[in-house]
Each structure stands twice: as C-alpha cells, then as structure tokens.
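Trainee: I'm new to this one. Please walk me through how to read it.

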Amino acid sequence: MPVNNIKIEQITTSKHYSIAARSDIGSREQQQDQAYLNIKGDCIFAVVCDGMGGTLDGEVASKTAISAMRYAYTNYYLDKNVDTVSFLQQAITAADRNVSAKMTRGIGGTTLVSAIISGSQMYWVSAGDSRLYIARSGELLQATRDHNYRLRLNEMLERGELEPDLYEKESVRGAALLSYLGKGAITLYDLTQSAFPLQLGDTILITTDGLTKALSDKEICAIITSGATTAQKADALICQVRNRGTEEPQDNTTFVVIDVI
C-alpha cells in the first residue's frame, strides 16, 4: 500500500500505535527519499532513507538500502526469535554493502534511520543526518546524532583539541557527511544497545533532513505534541514545509509519525 514513495506492508492494524507516513518531492526534479513500513500488531518496522550523490545515484542508493532492510526484516527477523540489536547491526552492514556495490561511480550513497518497535520497547540504528525524534511531555529529544563534520568539530572542541575561532571557521562545512551507506565497511553509526521503553502519549518521528532543514525543533515539537490526530500532525508538518517560502530550493521530505495510544 504505497504513500507516494513509501512502501507499506500493513498485515494487521496496531492496537497501541497510530501511524502516519508522508513524502513530498519539494522543489526538486526527482525524489531521492525512500521509506518502508511493516506493521503487524504491535510489532512495527520503519526505515527512512535520503539518497545523495546526484539524481540517479541517490535514487538507486536509497531504493537499494530500503530493499536490503526490507529483505532482512521479512526473512530473518519477523516472527523469529532473534536478538534485535544484533539484527539491526547486521542489517545496516548488509545494506551498506549492497549500496556500495551499486555505486559504480563511487559518488552515491544514502542516509538511513531504522526503528523496530515491539510491544512497548523501541530499538533503532542510524547513519547520516536523517533523524529519529522522541516527543514526551511536551519536549522533543533528538535520539540520533548527525554524522557530519560538525559532530567531529564538537568532539574536538570538547576535548580541547580545537580553538573556538578555528571551530567557527570550520563550522561553515559542518553539514558535510562523515558517514552514510554506500562507502562500504561502515563503522560510524548509532545503534541502541538496549531497548528504549515507550510510554503512553509518546510520539516518534523518523525523518529525512528535508523536514529539519525547513522547520526548527521548536516548530516540529509544537506540531507533534499538539494533541491532534496522527494524520493531522503529519499533514501539518508537510503543510508547514511547503509554506516555508525560503529562498533555498525545498528538499525532498519524507517522514513517519508514530503515536503511542
């Protein structure tokens, strides 16, 4: 059941989670974002990818990553007694190999965020600057790191290895990615080592940077903690992005919103 470029396998409806997915091409000529959802009762698998490296390479990279994660989940995790942390680590490693094999010109790749919710527990893995947020009690937490040059600069600054003036000078290149799928032998990624316990009223947002470049965390938080339905929250996010009216071209935007109900 597709929602634009989002592949959804809805086997049964979840009783404890309300889910909405949206994708918008923005002002780009091509859609390089891809996403996948598998919902079976209270077991949810979500993947969001943002392709990079040019129109063709970016689209191929994100589709390849989604395909690899989808295959791994349906064949090696769903309805099986498998350790979730080990599965996510193996899945992102395999997806990276698959994407790398497709990038014959060596310039393409994709970010990835993937989450597994089982009962009231959530696990995730991420590489790149697509994000997973958790909203609770009116506050918004970015659970994943942006694996970019700014992350490295911040670490060096905290260790006293970088002077503040050089930090400011280098920060202009802060958005450059240090990690993504497609380089091969990926080592820099975020992986939960234990389950994150979800609570009634929590909202999970898994998104590409098209959303976070257009809207601030404060704006995102106001929408997803508004008390509206999940579908209304998703529609409001897309509407805000479309109406931002910035001078910069609007990037592809793709996200999944999950409410704990």
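Mentor: Start with the largest pocket, whose lining divides into three nonpolar, seven polar and six charged residues. Nonpolar means Ala, Val, Leu, Ile, Met, Phe, Trp, Tyr, Cys and Pro; charged means Asp, Glu, Lys and Arg; the others, Gly among them, are polar. The model is predicted, so local features need pLDDT of at least 70 and side-chain atom pairs 80 or more, while totals for chains, interfaces and linings use all residues. Residues are numbered from 1 along each chain, and side-chain values use heavy atoms, without hydrogens or water.

Trainee: Which residues are closest to the pocket's centre?

Mentor: A pocket is an open set of points on a 1 Å grid where a 1.4 Å probe fits, with protein on both sides within 12 Å along at least five of seven lines; lining residues have an atom within 4 Å of a point. Here, Gln32, Asp50, Gly51, Met52 and Asp251 are closest to the centre, out of 16 lining residues. Strand β4 (a DSSP E run of at least two residues) gives the largest share, three residues.

Trainee: At what angle do α6 and α7 cross?

Mentor: Packed helices are described by the angle and distance between their axes. The axes of α6 (217-224) and α7 (230-242) cross at roughly 150 degrees and come within 9 Å. That makes them roughly antiparallel (over 145 degrees). Ile220, Ile223 and Ile224 of α6 meet Lys233, Ala236, Leu237 and Gln240 of α7, with heavy atoms within 4.5 Å.

Key:
Axes are lines fitted to C-alpha atoms, for helices over the stretch in contact, and angles run from 0 to 180 degrees between N-to-C directions. Helices (H or I, at least four residues) and strands (E, at least two) are DSSP runs, numbered from the N terminus. Angles under 35 degrees count as roughly parallel, over 145 as roughly antiparallel, 65 to 115 as roughly perpendicular and the rest as oblique.
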